[in-house]
Amino acid sequence: MTIDGVRRGGVVDGGSITLLTHTVDDVVRGAPVVRTEALPLAEVRLESPLHRFNRDVLCTGWNYWDHFEESAGKREGQDPASRPLRPTFFTKGPDTVIGPFDPIAYDPSLSQKWDYEAEIAMVIGRDGRSIPEQKALDHVFGFLVANDVSQRDLQRAHGGQWLKGKSLDATMPLGPWLTTTDSVDLSGMRVQCEVNGVLLQDASSTQMAFSFAQIIAELSEGMTLRAGDVVLTGTPSGVGNARDPQVFLRDGDVVVTRVSGLGELRNTVTLTDLGGR
């Protein structure tokens, strides 16, 4: 959040928030948690908890088998031969990130197939390379809710590479706050997405093909993960592209993304000029 023009972090406790002397980005990277004054939560505007990114947002694809199967034959010739044996990774640009209640940019001149993807995001809190699976969660600072809004036609148009169809500016809600690992029950977080009040995605994190720890272990093989890195962990079934008839986002749609224990995002799809043709 920004108070008097200065970006500040805070600790949410029930209906109030205690401001910190440092940003959340600083705290994730080891700055001390120094509390100052408390304010009613209703009186502040929550932004994305994170603003300073080391690199692109790191993402995991096809991490719920029901989602992998629902899209079979609907990938416009880009179907893999079989289920992947290891996690599938891609990235999206950090300029995609918006706050938990900010508008999702929508430019139909760039794409006609804007899709929703409710996800759990991890934030790395400790540097590491080639991290063993049994120690992987020691490197996680906390978890957030994300929606990996995707443009399916752009996703298919660039040789099967997902970067472009996942990286349009101001399209990925993140938040509403960063929940530390000691406050999270990993045994079965419920992941949901509603569009205009209709529940379209509803799954448990226990359905993930590769666990949080497996994702970190595989991703970090020979590649250093650094404090502040954001890692998305995949979306469950129910995406618009796989439905019959298909469901794509349009101007004015209200998208609610929630994960049990982590909170809720509420964003409105809003006509925005992104410089498309």
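Are Trp62 and Trp162 buried or exposed? Here are some notes on that and a few other points.

1. This is a predicted model, where local features need pLDDT of at least 70, side-chain atom pairs count only at pLDDT 80 or more, and totals for chains, interfaces and linings use all residues. Residues are numbered from 1 along each chain as its sequence is written, and side-chain values use heavy atoms, leaving out hydrogens and water.

2. Overall size first. A compact globule of 277 residues would have a radius of gyration near 19 Å, and the 18 Å of the protein chain agrees with that (taken over C-alpha atoms; the rule is 2.2 Å times the number of residues to the power 0.38). The C-alpha atoms fill a box of roughly 55 × 45 × 30 Å along the principal axes.

3. Now the aromatic rings. There are 7 aromatic pairs (rings of Phe, Tyr and Trp, the latter by its six-membered ring, with centres within 6.5 Å; planes under 30 degrees apart are stacked, over 60 edge-to-face, the rest tilted). One of them is Trp62 with Trp162, edge-to-face at 5.2 Å centre to centre and 80 degrees between the planes. These two residues sit 100 residues apart in the chain. To settle the opening question, both Trp62 and Trp162 are buried (under 20% relative accessible area, with exposed over 50% and partly exposed in between; 1.4 Å probe, protein chains only).

4. Phe143 and Phe212 also pair edge-to-face, because their ring centres are 5.3 Å apart and their planes at 70 degrees. Phe143 is buried at a relative accessible area of 1%, and Phe212 is buried at 6%.

5. Finally, ring pairs link Trp62, Trp65, Phe68, Phe90, Trp162 and Phe210 into a cluster.

Note on methods
Helix = DSSP H or I, 4+ residues; strand = E, 2+ residues; numbered from the N terminus.
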